[in-house]
Amino acid sequence: MPELPEVQTILDALAPLIWEQVIVDVSVLWPGVVDRPSVDEFVAAVRGRRVVQTSRRGKYMLFQLDDACWLIMHLRMTGNMRVVFREEPVQPHDRLVFHLENGRDWRFNDTRKFGRAYLVSDPDEVVGKLGPEPLDESFSAAYFIEKLAGRRAAIKTLLLDQRIVAGVGNIYADEALFRARVHPLRAAGSLQPREIAALVDAVKGVIAQALDEMGTTLRDYRRPDGSVGEFQNSLQVFRRTGRPCPRCGAMIERIVVGGRATHFCPVEQRLDA
DNA sequence: AAGAGACCCTGGATGC
DNA sequence: TGCATCCAGGGTCTCT
(Lines give C-alpha, C1' and ligand atoms only; values in the text may rest on other atoms or scores of the structure.)
Protein backbone atom coordinates (compact mmCIF):
# COMPACT_ATOMS: atom_id res chain seq x y z
CA MET A 1 0.00 0.00 0.00
CA PRO A 2 2.13 2.82 1.21
CA GLU A 3 4.73 4.60 -0.82
CA LEU A 4 7.22 7.16 0.43
CA PRO A 5 4.66 9.89 1.30
CA GLU A 6 2.44 7.49 3.23
CA VAL A 7 5.37 5.97 5.12
CA GLN A 8 6.67 9.42 6.03
CA THR A 9 3.22 10.62 7.12
CA ILE A 10 2.72 7.59 9.36
CA LEU A 11 6.22 7.92 10.80
CA ASP A 12 5.80 11.65 11.50
CA ALA A 13 2.67 10.96 13.52
CA LEU A 14 4.15 7.92 15.23
CA ALA A 15 7.57 9.27 16.17
CA PRO A 16 6.59 11.64 19.01
CA LEU A 17 4.52 8.85 20.58
CA ILE A 18 7.37 6.35 20.79
CA TRP A 19 10.39 8.60 21.12
CA GLU A 20 12.51 7.81 24.18
CA GLN A 21 10.03 5.13 25.18
CA VAL A 22 11.28 1.80 26.52
CA ILE A 23 9.75 -1.24 24.82
CA VAL A 24 8.99 -3.28 27.93
CA ASP A 25 7.72 -6.31 26.01
CA VAL A 26 6.93 -7.56 22.51
CA SER A 27 3.98 -9.67 21.34
CA VAL A 28 4.44 -11.47 18.04
CA LEU A 29 0.87 -12.28 17.00
CA TRP A 30 1.92 -13.82 13.68
CA PRO A 31 5.46 -15.21 13.58
CA GLY A 32 5.99 -14.60 9.86
CA VAL A 33 6.13 -10.85 10.49
CA VAL A 34 9.67 -11.18 11.87
CA ASP A 35 12.11 -11.50 8.98
CA ARG A 36 15.27 -11.66 11.06
CA PRO A 37 16.64 -12.82 13.42
CA SER A 38 14.45 -15.64 14.77
CA VAL A 39 11.26 -14.67 16.56
CA ASP A 40 12.73 -15.64 19.93
CA GLU A 41 15.93 -13.70 19.35
CA PHE A 42 13.97 -10.72 18.06
CA VAL A 43 11.75 -10.57 21.13
CA ALA A 44 14.64 -11.04 23.53
CA ALA A 45 16.73 -8.37 21.84
CA VAL A 46 14.00 -5.74 21.58
CA ARG A 47 12.63 -6.20 25.09
CA GLY A 48 13.91 -3.50 27.42
CA ARG A 49 15.37 -1.35 24.68
CA ARG A 50 14.69 2.35 24.30
CA VAL A 51 13.78 3.99 20.99
CA VAL A 52 16.33 6.75 20.52
CA GLN A 53 15.84 7.78 16.90
CA THR A 54 13.37 7.38 14.04
CA SER A 55 13.97 7.84 10.34
CA ARG A 56 12.83 6.71 6.92
CA ARG A 57 14.71 5.32 3.94
CA GLY A 58 12.67 4.65 0.80
CA LYS A 59 9.59 2.83 2.04
CA TYR A 60 11.33 1.49 5.15
CA MET A 61 10.93 2.87 8.66
CA LEU A 62 14.05 2.77 10.85
CA PHE A 63 14.03 2.86 14.62
CA GLN A 64 17.39 3.06 16.33
CA LEU A 65 17.49 1.40 19.74
CA ASP A 66 19.68 2.35 22.68
CA ASP A 67 21.98 -0.64 22.19
CA ALA A 68 22.84 0.69 18.71
CA CYS A 69 20.74 -1.99 17.02
CA TRP A 70 18.13 -1.00 14.47
CA LEU A 71 14.52 -2.09 14.26
CA ILE A 72 13.47 -1.71 10.63
CA MET A 73 9.95 -2.18 9.33
CA HIS A 74 8.35 -2.30 5.89
CA LEU A 75 4.58 -1.90 5.53
CA ARG A 76 4.39 -3.47 2.05
CA MET A 77 0.81 -3.40 0.71
CA THR A 78 -1.55 -3.20 3.67
CA GLY A 79 0.63 -2.54 6.70
CA ASN A 80 -0.16 0.24 9.14
CA MET A 81 0.86 1.41 12.58
CA ARG A 82 -0.91 2.99 15.49
CA VAL A 83 -0.20 3.80 19.10
CA VAL A 84 -3.18 3.01 21.31
CA PHE A 85 -4.06 2.55 24.96
CA ARG A 86 -3.19 -0.95 26.10
CA GLU A 87 -6.82 -1.55 27.03
CA GLU A 88 -7.95 -1.21 23.45
CA PRO A 89 -8.86 -4.65 22.06
CA VAL A 90 -6.45 -6.25 19.61
CA GLN A 91 -7.71 -5.81 16.05
CA PRO A 92 -8.25 -8.69 13.59
CA HIS A 93 -5.02 -8.25 11.63
CA ASP A 94 -2.67 -6.98 14.30
CA ARG A 95 0.62 -8.86 13.75
CA LEU A 96 3.13 -7.29 16.10
CA VAL A 97 2.77 -5.27 19.31
CA PHE A 98 5.42 -3.30 21.16
CA HIS A 99 4.32 -2.62 24.73
CA LEU A 100 5.66 0.78 25.81
CA GLU A 101 6.63 1.83 29.31
CA ASN A 102 3.94 4.54 29.34
CA GLY A 103 1.18 1.95 29.18
CA ARG A 104 0.48 2.31 25.50
CA ASP A 105 0.80 -0.23 22.71
CA TRP A 106 2.57 0.42 19.44
CA ARG A 107 0.77 -1.95 17.07
CA PHE A 108 1.55 -3.14 13.56
CA ASN A 109 -1.53 -4.20 11.63
CA ASP A 110 -1.26 -5.90 8.23
CA THR A 111 -4.13 -7.66 6.48
CA ARG A 112 -2.13 -9.39 3.78
CA LYS A 113 0.85 -10.42 5.93
CA PHE A 114 3.40 -8.98 3.48
CA GLY A 115 4.89 -6.50 5.96
CA ARG A 116 8.11 -7.38 7.76
CA ALA A 117 10.20 -6.41 10.78
CA TYR A 118 14.00 -6.68 10.86
CA LEU A 119 16.41 -6.30 13.75
CA VAL A 120 19.97 -5.65 12.59
CA SER A 121 23.17 -4.09 13.85
CA ASP A 122 23.85 -2.41 10.50
CA PRO A 123 20.91 -0.84 8.62
CA ASP A 124 22.69 -1.43 5.32
CA GLU A 125 21.86 -5.12 5.72
CA VAL A 126 18.30 -4.07 4.85
CA VAL A 127 18.45 -0.70 3.09
CA GLY A 128 21.99 -0.71 1.74
CA LYS A 129 21.07 -1.30 -1.87
CA LEU A 130 18.43 1.40 -2.14
CA GLY A 131 18.89 4.19 -4.65
CA PRO A 132 18.79 7.87 -3.70
CA GLU A 133 15.82 9.53 -2.07
CA PRO A 134 13.73 11.21 -4.78
CA LEU A 135 13.86 14.60 -3.05
CA ASP A 136 17.60 14.44 -2.48
CA GLU A 137 19.77 16.42 -4.86
CA SER A 138 21.64 13.21 -5.66
CA PHE A 139 18.54 12.15 -7.59
CA SER A 140 19.40 14.41 -10.50
CA ALA A 141 18.93 14.38 -14.25
CA ALA A 142 22.60 13.47 -14.68
CA TYR A 143 22.24 10.53 -12.29
CA PHE A 144 19.04 9.28 -13.92
CA ILE A 145 20.48 9.61 -17.45
CA GLU A 146 23.39 7.42 -16.39
CA LYS A 147 21.13 4.81 -14.78
CA LEU A 148 18.77 4.56 -17.77
CA ALA A 149 21.46 4.42 -20.43
CA GLY A 150 21.32 1.23 -22.45
CA ARG A 151 18.34 -0.15 -20.55
CA ARG A 152 15.64 -1.67 -22.71
CA ALA A 153 13.12 -2.19 -19.93
CA ALA A 154 10.00 -0.02 -19.78
CA ILE A 155 10.68 3.27 -18.03
CA LYS A 156 7.88 2.59 -15.57
CA THR A 157 9.50 -0.67 -14.49
CA LEU A 158 12.72 1.20 -13.68
CA LEU A 159 10.85 3.93 -11.78
CA LEU A 160 9.59 1.14 -9.53
CA ASP A 161 13.10 -0.34 -9.09
CA GLN A 162 14.06 0.73 -5.58
CA ARG A 163 17.77 0.36 -6.39
CA ILE A 164 17.47 3.22 -8.88
CA VAL A 165 15.29 5.57 -6.84
CA ALA A 166 13.84 4.68 -3.44
CA GLY A 167 10.25 5.25 -2.40
CA VAL A 168 8.35 5.56 -5.66
CA GLY A 169 5.49 3.06 -6.00
CA ASN A 170 2.73 2.39 -8.49
CA ILE A 171 0.63 5.48 -7.83
CA TYR A 172 3.38 8.05 -8.01
CA ALA A 173 5.12 6.35 -10.93
CA ASP A 174 1.98 6.73 -13.06
CA GLU A 175 1.39 10.29 -11.90
CA ALA A 176 5.00 11.32 -12.54
CA LEU A 177 5.02 9.79 -16.03
CA PHE A 178 1.85 11.69 -16.86
CA ARG A 179 3.27 14.98 -15.61
CA ALA A 180 6.42 14.43 -17.66
CA ARG A 181 4.36 13.33 -20.70
CA VAL A 182 6.31 10.07 -20.99
CA HIS A 183 4.61 6.83 -22.06
CA PRO A 184 5.11 4.13 -19.40
CA LEU A 185 6.21 1.55 -21.98
CA ARG A 186 8.98 3.66 -23.50
CA ALA A 187 12.30 1.79 -23.43
CA ALA A 188 14.21 3.56 -20.67
CA GLY A 189 17.35 3.89 -22.75
CA SER A 190 15.43 5.61 -25.56
CA LEU A 191 14.45 8.64 -23.48
CA GLN A 192 16.00 11.94 -24.50
CA PRO A 193 17.94 13.89 -21.85
CA ARG A 194 15.22 16.56 -21.75
CA GLU A 195 12.60 13.86 -21.15
CA ILE A 196 14.65 12.35 -18.33
CA ALA A 197 15.12 15.78 -16.79
CA ALA A 198 11.36 16.37 -16.99
CA LEU A 199 10.73 13.00 -15.38
CA VAL A 200 13.09 13.75 -12.50
CA ASP A 201 11.28 17.04 -11.93
CA ALA A 202 7.93 15.25 -12.14
CA VAL A 203 8.94 12.61 -9.59
CA LYS A 204 10.14 15.28 -7.19
CA GLY A 205 6.99 17.34 -7.73
CA VAL A 206 4.59 14.46 -7.23
CA ILE A 207 6.35 13.15 -4.14
CA ALA A 208 6.62 16.63 -2.60
CA GLN A 209 2.95 17.36 -3.19
CA ALA A 210 1.85 13.98 -1.86
CA LEU A 211 3.95 14.53 1.28
CA ASP A 212 2.30 17.92 1.69
CA GLU A 213 -1.12 16.28 1.28
CA MET A 214 -0.38 13.45 3.74
CA GLY A 215 -0.46 10.65 1.19
CA THR A 216 -3.11 8.94 -0.92
CA THR A 217 -5.99 6.96 0.60
CA LEU A 218 -7.48 4.49 -1.85
CA ARG A 219 -8.70 1.97 0.68
CA ASP A 220 -6.52 0.77 3.54
CA TYR A 221 -4.13 3.63 4.14
CA ARG A 222 -4.91 5.71 7.21
CA ARG A 223 -2.84 8.13 9.19
CA PRO A 224 -2.23 6.89 12.74
CA ASP A 225 -5.06 9.09 14.02
CA GLY A 226 -7.45 7.32 11.65
CA SER A 227 -7.79 10.18 9.18
CA VAL A 228 -7.30 9.76 5.45
CA GLY A 229 -4.74 11.38 3.14
CA GLU A 230 -5.64 14.02 0.58
CA PHE A 231 -3.61 13.26 -2.53
CA GLN A 232 -6.33 10.96 -3.92
CA ASN A 233 -8.06 14.23 -4.84
CA SER A 234 -5.02 15.28 -6.85
CA LEU A 235 -4.64 12.08 -8.91
CA GLN A 236 -4.70 12.83 -12.63
CA VAL A 237 -4.48 9.34 -14.14
CA PHE A 238 -4.10 6.67 -11.47
CA ARG A 239 -7.24 4.46 -11.44
CA ARG A 240 -9.04 6.95 -13.64
CA THR A 241 -9.45 4.53 -16.56
CA GLY A 242 -12.06 5.78 -19.04
CA ARG A 243 -12.26 9.23 -17.51
CA PRO A 244 -11.03 12.31 -19.36
CA CYS A 245 -7.42 13.39 -19.26
CA PRO A 246 -7.34 16.59 -17.19
CA ARG A 247 -5.16 18.26 -19.82
CA CYS A 248 -6.60 17.19 -23.17
CA GLY A 249 -9.83 15.35 -22.45
CA ALA A 250 -8.80 12.08 -24.10
CA MET A 251 -9.85 8.89 -22.35
CA ILE A 252 -7.37 7.56 -19.77
CA GLU A 253 -6.22 4.03 -20.62
CA ARG A 254 -5.17 1.14 -18.40
CA ILE A 255 -2.50 -1.37 -19.39
CA VAL A 256 -0.26 -3.78 -17.47
CA VAL A 257 3.46 -3.01 -17.23
CA GLY A 258 5.77 -5.27 -15.31
CA GLY A 259 2.71 -6.96 -13.85
CA ARG A 260 1.39 -3.70 -12.41
CA ALA A 261 -1.75 -1.80 -13.40
CA THR A 262 -0.67 1.28 -15.31
CA HIS A 263 -2.70 4.35 -16.23
CA PHE A 264 -1.85 6.98 -18.82
CA CYS A 265 -3.21 9.41 -21.40
CA PRO A 266 -2.67 7.97 -24.89
CA VAL A 267 -2.59 11.46 -26.41
CA GLU A 268 -0.30 13.24 -23.95
CA GLN A 269 2.02 10.27 -23.50
CA ARG A 270 3.06 8.97 -26.91
CA LEU A 271 4.93 5.71 -27.36
CA ASP A 272 6.44 7.00 -30.63
CA ALA A 273 7.61 10.26 -29.13
C1' DA B 1 23.43 -8.69 -16.43
C1' DA B 2 18.84 -7.88 -17.40
C1' DG B 3 14.15 -9.00 -17.75
C1' DA B 4 9.93 -11.97 -17.25
C1' DG B 5 7.13 -14.51 -14.28
C1' DA B 6 5.86 -16.99 -9.95
C1' DC B 7 5.03 -16.37 -5.36
C1' DC B 8 3.79 -14.61 -0.76
C1' DC B 9 -1.47 -13.42 1.56
C1' DT B 10 -6.36 -11.64 2.55
C1' DG B 11 -10.51 -9.48 1.41
C1' DG B 12 -13.40 -6.54 -1.47
C1' DA B 13 -15.59 -6.01 -5.96
C1' DT B 14 -17.54 -8.06 -9.83
C1' DG B 15 -19.73 -11.55 -12.68
C1' DC B 16 -22.70 -15.55 -13.35
C1' DT C 1 -27.95 -15.73 -2.23
C1' DG C 2 -23.93 -18.32 -3.28
C1' DC C 3 -19.85 -19.30 -5.60
C1' DA C 4 -15.98 -18.30 -8.75
C1' DT C 5 -12.84 -15.10 -10.52
C1' DC C 6 -10.21 -11.06 -10.61
C1' DC C 7 -7.84 -7.46 -8.47
C1' DA C 8 -4.85 -4.73 -5.08
C1' DG C 9 -0.65 0.80 -3.18
C1' DG C 10 5.37 -4.27 -2.74
C1' DG C 11 9.34 -6.97 -2.89
C1' DT C 12 11.96 -11.29 -3.50
C1' DC C 13 13.21 -15.32 -5.77
C1' DT C 14 14.02 -18.31 -9.78
C1' DC C 15 14.69 -19.13 -14.42
C1' DT C 16 16.18 -17.88 -19.00
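Trainee: Which residue has a side-chain N or O atom 3.1 Å from a base nitrogen of DNA strand C?

Mentor: This is a predicted model, in which local features need pLDDT of at least 70, side-chain atom pairs count only at pLDDT 80 or more, and totals for chains, interfaces and linings use all residues. Residues are numbered from 1 along each chain as its sequence is written, chains are lettered from A and ligands numbered from 1 in the order in which they are written, and side-chain values use heavy atoms, with hydrogens and water left out. A polar contact is a pair of N or O atoms within 3.5 Å; within protein, one must be able to donate a hydrogen and the other to accept it, and residues adjacent in sequence count only if both atoms are side-chain atoms. The residue with such a contact to the base nitrogen of DNA strand C is Arg112.

Trainee: Which backbone lies 3.4 Å from a base oxygen of DNA strand C?

Mentor: Take a sugar or linking oxygen of DNA strand C for contrast: a polar side-chain atom of Arg239 lies 3.2 Å from it. For the base oxygen, the N or O atom belongs to the backbone of Asp220.

Trainee: How many residues surround DNA strand C?

Mentor: A residue is near a strand if one of its heavy atoms lies within 4 Å of it. The closest to DNA strand C are Lys59, His74, Tyr221, Arg254 and Arg260. Sugar and phosphate account for 60% of the atoms of DNA strand C within 4 Å of the protein.

Trainee: How many charged residues does the surface near DNA strand B have?

Mentor: Ala, Val, Leu, Ile, Met, Phe, Trp, Tyr, Cys and Pro count as nonpolar, Asp, Glu, Lys and Arg as charged, and the others, Gly among them, as polar. The residues around DNA strand B are His93, Thr111, Arg112, Lys113, Phe114, Arg151, Arg152, Ala153 and Arg219. Sugar and phosphate make up 67% of the atoms of DNA strand B that come within 4 Å of the protein. Two residues of the surface are nonpolar and two polar; the charged ones number five.

Trainee: Which residue uses a polar backbone atom 2.8 Å from a phosphate oxygen of DNA strand B?

Mentor: Lys113 reaches a phosphate oxygen with a polar side-chain atom, at 3.1 Å. Arg219 has a polar side-chain atom 3.0 Å from a sugar or linking oxygen of DNA strand B. The backbone atom at 2.8 Å from a phosphate oxygen belongs to Ala153.

Trainee: Which are the edge strands of the five-stranded open sheet?

Mentor: Helices (H or I, at least four residues) and strands (E, at least two) are DSSP runs, numbered from the N terminus. Two strands pair if DSSP finds at least two bridges between them. The order is E2-E9-E5-E4-E3, with mixed pairing. Pairing on one side only marks the edges, E2 (34-36) and E3 (51-57).

Trainee: At what angle to E3 does helix H1 run?

Mentor: Axes are lines fitted to C-alpha atoms, for helices over the stretch in contact (heavy atoms within 4.5 Å). Angles run from 0 to 180 degrees between N-to-C directions. E3 pairs with E4 (residues 60-65) in the antiparallel sense over six bridges, and Gln53 stands opposite Gln64 in E4. H1 (residues 4-18) lies across E3 and E4, and its angle to E3 is about 170 degrees.

Trainee: Which residues does the cis peptide bond join?

Mentor: Most residues other than glycine have a negative phi, and most peptide bonds are trans. Here omega is about -10 degrees. Pro37 lies in the loop between E2 and H2. The bond joins Arg36 and Pro37.

Trainee: What is the relative accessibility of Glu20?

Mentor: Glu20 lies in the loop between H1 and E1 (23-28). Its phi is near 65 degrees, a positive value in a residue other than glycine. Buried means under 20% relative accessible area, exposed over 50%, partly exposed in between (1.4 Å probe, protein chains only). Glu20 counts as partly exposed because its value is 44%.

Trainee: How many residues of strand E7 are buried?

Mentor: E7 (residues 94-100) runs antiparallel to E1, with five bridges. Five bridges also join E7 to E8 (residues 104-110), again antiparallel. In E7, Leu96 is the bridge partner of Val28, while His99 stands opposite Asp105 in E8. E7 is mostly covered, and of its seven residues the buried ones number seven.
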